[in-house]
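I wanted to look up a handful of local features in this structure and jot them down as I went. Here are my notes, entry by entry.

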Amino acid sequence: MPLMQSKVEDQSKAEKAETPDQEEEKIPLETVVKELGADLERGLTSDEAGKRLEKYGPNAIPEKHVSPVVKFLSFFWGPIPWMIEIAAVLSGVVHHWTDFIIIMVMLLLNSVVGFWEEFKADTAIQALKQRLALKARVLRDGKWSSVEAKSLVPGDVVEVQLGNIVPADLKLAGGEFLSLDQSALTGESLPVDKHVGDVAYAGSIVRMGQMRAVVSATGVNTFFGKTAMLVEKAEKHSHFQDAVLRIGNFLILNTLWLVALIVIVALFRGDPMVDTILFALVLTVAAIPVALPAVLSVTMAVGASTLAAMRAIVSRLVSIEEMAGMDVLCSDKTGTLTKNQLVLGEPVVMGGSTRDELIESAALASQREAPDAIDEAIFQALGDKAKLAGYKVVKFTPFDPVHKRAEADVQHNAARFKAPKGAPQVILELARPDASTRNQAESQVEVFAKKGYRTLGVARSEADGAWRFLGLLPMFDPPRDDSRATIDVARSMGLKIKMVTGDHEAIARQIAGVLGLGRNIVKAEDAFPGGHIMSTEAIERADGFAQVFPDHKFKIVKALQAEGHLVGMTGDGVNDAPALKQADVGIAVSGATDAARAAADLVLTEPGLSVITRAVEEARRIFERMNAYAIYRIAETIRVLLFMTLSIIAYNFYPVTAVMIVLIAILNDFPIMMIAYDNQPVAPRPVRWDMHRVLMVSSALGLMGVIESFLLLWIAKAFMALPAPIVQTVIFLKLLVAGHLTIYVTRNVGKIWDRPWPNWKFFTACETTQAIGTLAAVYGWFVTPIGWEYALGVWGYALVWFLVESAVKISTYRMLRSGTRLHERHLARIGASFNSHAP
């Protein structure tokens, strides 16, 4: 965004930023008046205003009202909700009411969380609407009156003055000037000067002046309204929901065909139909990953509370997963990369003056009681205001856009002089220095302009009335102290930073050079000539974008997303809301408007880029927790289902009872929610769901589980000849203990003892449920008791296989990495071969 629209006239085209709608600015006032049939003396008639209101509609942003009930019920519709609902129905069919209640609670939890997130996100449009002016002073039937802003129509003649919110897009038609605060629209932090023929945009605030104007656009056709419509059009694609759906589909499809196989085999063998169907239903309910969405949501919610402690508020939980995979961050310049405060550069002293005299004279021509950003920078450079104690300002003339200077009439002892500051060429015309001083000043202004600095000229009158040009004061918004180091950290994390600013490219290039971002700064209008993308490759290569407006930010995000990037975008104004909502991770920076916060996924309460990099680190930890749980859950489903199927086919024996299946499901899933607190390393690069890797690792661990369970079943039945009920309890305990040990295997890619070690909450939850299951097996809670001898034997057996599983996991990851490297080398050879045969 632009750093500021200076109160002084810029001396170089390099410093002039474009308006949000260049075409509208270029249309002559006379043309607008003629095309709209406006009458500057009498205004529209009431009848004509009524007709135009019917034609153009109210001056408001239209709303799409959706019943909260309908919106809430929509969260019960879709593949994942269907999956959970089927599990609930099956639980009711077999009269397992405990399971039914638990599953319904999980379903309601997911729906309530999702509804609340969407409710908060949809407040973006409401926040935009709240900025519309409520009342407007309009000329109709030759009389001035106050009307509701929503009744304004194109062609109306209105009057705006100090304190008003501009009610619609206006073509200024009469009066001296307006000073408008457009910060919430364009990001410019200081008022913009407007004159006859210029456009004042809806939602701007009048800070100075009074003018008559013609309404040129209303409602959604205003610059403000178009921004609101962009927010509505923004669409996000959730990679998290895709991952959950793919995992769920994999588990359900495998469950259904294995259960169907069990039923078919039982029918051929003549097993009791009722018992077979009952067991199949219970097995299906246990296998459906009912807790999968809830566990992953809880993991993200716990992570969100951690991020909140880092001064980053998460408004959309699934954005945490997107943040972990984010590889491009389009960062606002002002306030994020820079301090968003003007500081004085090295003054250029001329005319035989001194540095102190130059700054003191500028300070005298500044407002002490309510200094703006420029005056504040001058007072900071002055230091102790006591230096001005001997000076009495007899008369002070504040800056105005017509004269382009501020001036103080000062009494000092017996002497009286004037001290003006303002646009360099205005002060030069006033002081009329010799040709050498003028040439030096003009040359220095050009140098500062190329660096993106704002420049003030300062002069002083002598006792005899002669003027003396004292010199120039360059001002700039310096980079934050931590920006360079933070950018280096971001790069080491595989995160590409692209500066996006409304300032001129000279300013952007200078700041980018200081921060080491690269100097390939592209003007937004060059990146999107005629509204079309220049090329996605050029967008990717650019180090930053200058003179950017809302539709540009929106298009930049979409262009990068089209190339497969997960894009983060920072912003703080109404103008940023569309891009924030479209980005995979929309980040509202500290001090952002309500509209920006409502559209964002992450709201920062602390300035600077460092809080973003810390949030990315935590997001990657959270992702690793979710990835570990997903692998564990798939592996567990495979080992239980496939083992059950093979046991029934090979031995015509049900290795566990329906009650045992329910116990395993309960003891497995709910304590594992503590994985949300587990310690995880920070991945060095952006991480995304790699479903091939997830399924390969989980399948390898699942098959190992089948082998070890089948071997134990053979030992118990064939070698030890244990009674069937004892065998079932032994297998139950083995599945439970080994299942919990598997989560320790899946939590990292290396050895099980590699740091970071498990969090104490996670470890305690896992071991507590293992202890409960062990006591149930030993003393016969809902199962046949087996005593401590067999129970300890099962524990020893599971621990041995625990080490084997760890070795299999490491080997699988090593194989996957080797396969990836071979694939990359193969592609490189193809590319080299193609290039060698190219003409």
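**Entry 1**

I started with A721, which is exposed, with a relative accessible area of 57%. My cut-offs here are under 20% relative accessible area for buried, over 50% for exposed and partly exposed in between, with a 1.4 Å probe and protein chains only. This is a predicted model, so I held local features to pLDDT of at least 70 and side-chain atom pairs to pLDDT 80 or more, while totals for chains, interfaces and linings use all residues. Residues are numbered from 1 along each chain as its sequence is written, and side-chain values use heavy atoms, with hydrogens and water left out.

Where does A721 lie? I found A721 in the loop between α27 and α28. Phi of A721 is near 55°, a positive value in a residue other than glycine. I noted it because most residues other than glycine have a negative phi, and most peptide bonds are trans.

I placed R311 in the loop between α12 (291-309) and β8 (312-314). R311 is partly exposed, with a relative accessible area of 41%.

Then I checked a peptide bond: the one from R755 to P756 is cis, with omega near 0°. P756 is found in the loop between α28 and α29.

For the element names I used DSSP runs numbered from the N terminus: helices are H or I with at least four residues, strands are E with at least two.

**Entry 1: α27 against α28**

Two packed helices are described by the angle between their axes and the distance between the axes. I read helix α27 (residues 691-719) and helix α28 (residues 724-746) as packing at about 155°, with axes 11 Å apart. That makes α27 roughly antiparallel to α28. Angles under 35 degrees count as roughly parallel, over 145 as roughly antiparallel, 65 to 115 as roughly perpendicular and the rest as oblique. The axes are lines fitted to C-alpha atoms, for helices over the stretch in contact, and angles run from 0 to 180 degrees between N-to-C directions.

The classes: Ala, Val, Leu, Ile, Met, Phe, Trp, Tyr, Cys and Pro are nonpolar, Asp, Glu, Lys and Arg are charged, and the others, Gly among them, are polar.

**Entry 2: α18 against α19**

The axes of helix α18 (residues 483-492) and helix α19 (residues 505-515) come within 9 Å and cross at roughly 70°. That makes α18 roughly perpendicular to α19. I found S483, R484 and I487 of α18 touching G513, V514 and L515 of α19. By class, I get three nonpolar, two polar and one charged residues.

**Entry 3: salt bridges**

My rule was a side-chain nitrogen of Lys or Arg within 4 Å of a carboxyl oxygen of Asp or Glu. How many salt bridges does this rule give? The count comes to 28.

I looked at R438 and E442, whose closest N and O atoms are 3.6 Å apart. They sit four residues apart in helix α17 (residues 435-450), so about one helical turn separates them. E442 is partly exposed at 36% relative accessibility.

R639 bridges to E636, with the closest N and O atoms 2.9 Å apart. Both R639 and E636 are buried. I also found E636, R639, E708, K734 and E805 linked in a network of salt bridges.

R747 pairs with D678 at 2.8 Å between the closest N and O atoms. This pair links distant parts of the chain, 69 residues apart: R747 is in the loop between α28 and α29 (760-779), D678 in the loop between α26 (658-669) and α27. R747 and D678 are both buried.

**Entry 4: V585**

Buried or exposed? I checked V585. V585 is buried, with a relative accessible area of 1%, and its place is in strand β21 (residues 585-588). V585 and I320 are 265 residues apart in sequence and 8.2 Å apart in space, C-alpha to C-alpha. Not counting residues up to four places away in sequence, V585 touches several residues, among them S319, M323, V567 and D601.

Conventions. Contact = heavy atoms within 4.5 Å.
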